[in-house]
Amino acid sequence: MVCVNDFRMRLGQHELVPIVIGGMGVDISTADLALEAARLGGVGHISDAMIKTVTDRRYQTKFVKAKQALYKHNMDSMDKSSVKFSLEDLAEATRLHVRHTMERKQGSGMIFINCMEKLTMNGPKDTLAVRLNAALDAGIDGITLAAGLHLGSFALMEANPRFRQAKLGIIVSSVRALQLFLKKNSRLNRLPDYVVVEGPLAGGHLGFGMDWANYSLQTIVQEVLDYLRQEQLEIPVIAAGGVFTGSDAVRYLQMGAAGVQVATRFTVTRECGLPDDVKQEYFKASEDDIEVNEISPTGYPMRMIKASPGIGDGIRPNCEAYGYLLDANGRCAYVDSYNREAQAHPGERRLSVYDKTCLCTHMRNFAIWTCGQLTWRLKDTSLRLPDGSYQLLTAEHVFKDYQFSENEQIRLPDPAV
Ligand SMILES: Cc1cc2nc3c(=O)[nH]c(=O)nc-3n(C[C@H](O)[C@H](O)[C@H](O)COP(=O)(O)O)c2cc1C
């Protein structure tokens, strides 16, 4: 019987177990989770989503408070265009998170950072340049460009001394997106070191429209592999989205993928950053409890558990403290929706806003439970405890299950003592 361990993923000089734990913001893919993947010989991701919130929590910085204090006068204004990020603080926060993580790294694997272009931060180009370069400066092994086409992102790092040394990859959901990226970057004479092909069953934001169900990861991976072969480009391809068992992974590796990127199975591990009661919601979810909707202000469809407390919640936007989704003109679709409801219901203490959600506040508070399509299968990966809850897993257990399981099997954990 074949298992994932029969394969290795080559990224330049590095030979890795072909399992990548995908980035999950905001601090759902924690440093602890990424470090386990690296220790076990694979690749783990941290994320730079809402990095200041993450460092304030983890390393006792005061970045969020400082920004909020600076823009306090603007709290009641509908116009958020003056609320800017301090680029120095942004760089410092990124360096802190990356440095603290890399200092703790053990084993032969690697740690990458997930960088979403859709976090436009009221200054898309400047803030993205700072995020990417600060991560390189602080010694990250690699950067995965996510949630966007990233046509200009390589150029933003071109002058960095680690531009040709660190591993740089991009997430695409179609061969067309990859073609565009390669064309746009041809003058830099630097190919991506890997391409993550993310299909329609993934968690987080989707690179598809609401017709996502018409697409299949297998087809897109095949198209990307065919295209790269035809162009004689040797770029490792990593398949992502709905790879639930080791046998699922083996099917992609046998097709010619170099590795798989997985996330959902790790949402119920101890190392995952979700609060324990939310992890139980992931375990309990049935197929009918999961939806793809359009409430993310980014404009991308997003998958989540329908019972997420953030859905419909009309909290006042707090761009003065956060503001990660403000576009180049200082606008956010949630701010517009909130203002519409506030005008329609003057004096109301608690508003409901259904068409968009305040993603910054709710991701910060773990109140939007984004998840992969196969979350409903998590209950089959663990044991039920006497009180009816599910036993949390360790990242090592799930990683090794992917690595060594055969024949569609999922190994259950040893009962907790
Ligand atoms: C809870 C959760 C949060 C996620 N957040 C992000 C993110 O911030 N950025 C990103 O590029 N992908 C994100 N993803 C996608 C994963 O990195 C990964 O590619 C995908 O979910 C793999 O499919 P699987 O969950 O079926 O294993 C997220 C996935 C989950 C489950």
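Modeller: Let me begin with a term for strands: two of them pair if DSSP finds at least two bridges between them. Helices (H or I, at least four residues) and strands (E, at least two) are DSSP runs, numbered from the N terminus. This is a predicted model, in which local features need pLDDT of at least 70 and side-chain atom pairs count only at pLDDT 80 or more, while totals for chains, interfaces and linings use all residues. Residues are numbered from 1 along each chain as its sequence is written.

Biologist: OK, so how do E9 and E13 pair?

Modeller: E9 and strand E13, which covers residues 302-305, pair in the antiparallel sense over two bridges, and Gly204 stands opposite Arg303 in E13. They belong to an open sheet of three strands in the order E9-E13-E12, with antiparallel pairing. The edge strands, each pairing on one side only, are E9 (204-205) and E12 (290-293).

Biologist: Switching to the ligand, which residues are closest to it?

Modeller: The closest are Gly22, Ala146, Gly203, Gly204 and Gly372, out of 30 residues that surround the ligand; a residue counts as near if its C-beta atom, placed from the backbone, lies within 6 Å of the molecule. The elements that give two or more residues to this shell are E5 and strand E11 (259-262).

Biologist: And helix H1, is it buried or exposed?

Modeller: Seven of the nine residues of H1 (31-39) are buried, so the helix is largely enclosed by the rest of the structure. Buried means that 20 or more other C-beta atoms lie within 10 Å of the residue's own, exposed means 12 or fewer, and partly exposed is in between, with C-beta atoms placed from the backbone. Glu36 is one of the buried residues of H1, as are Leu33 and Leu35. Just after H1, Gly41 takes a positive phi of about 95°.

Biologist: Which residues other than glycine have a positive phi?

Modeller: Among them are Ala147, with phi near 45°, and Gln232, with phi near 55°. Most residues other than glycine have a negative phi, and most peptide bonds are trans.

Biologist: Where are those two, and are they buried or exposed?

Modeller: Ala147 lies in the loop between strand E6 (142-146) and helix H6 (153-157), and is buried because 22 other C-beta atoms lie within 10 Å. Gln232 is in the loop between helix H8 (217-230) and strand E10 (237-240), and is exposed, with 6 other C-beta atoms within 10 Å.

Biologist: Which peptide bond is cis?

Modeller: The bond from Gly25 to Val26 is cis, with omega near -5°, and Val26 is found in the loop between E3 and H1.
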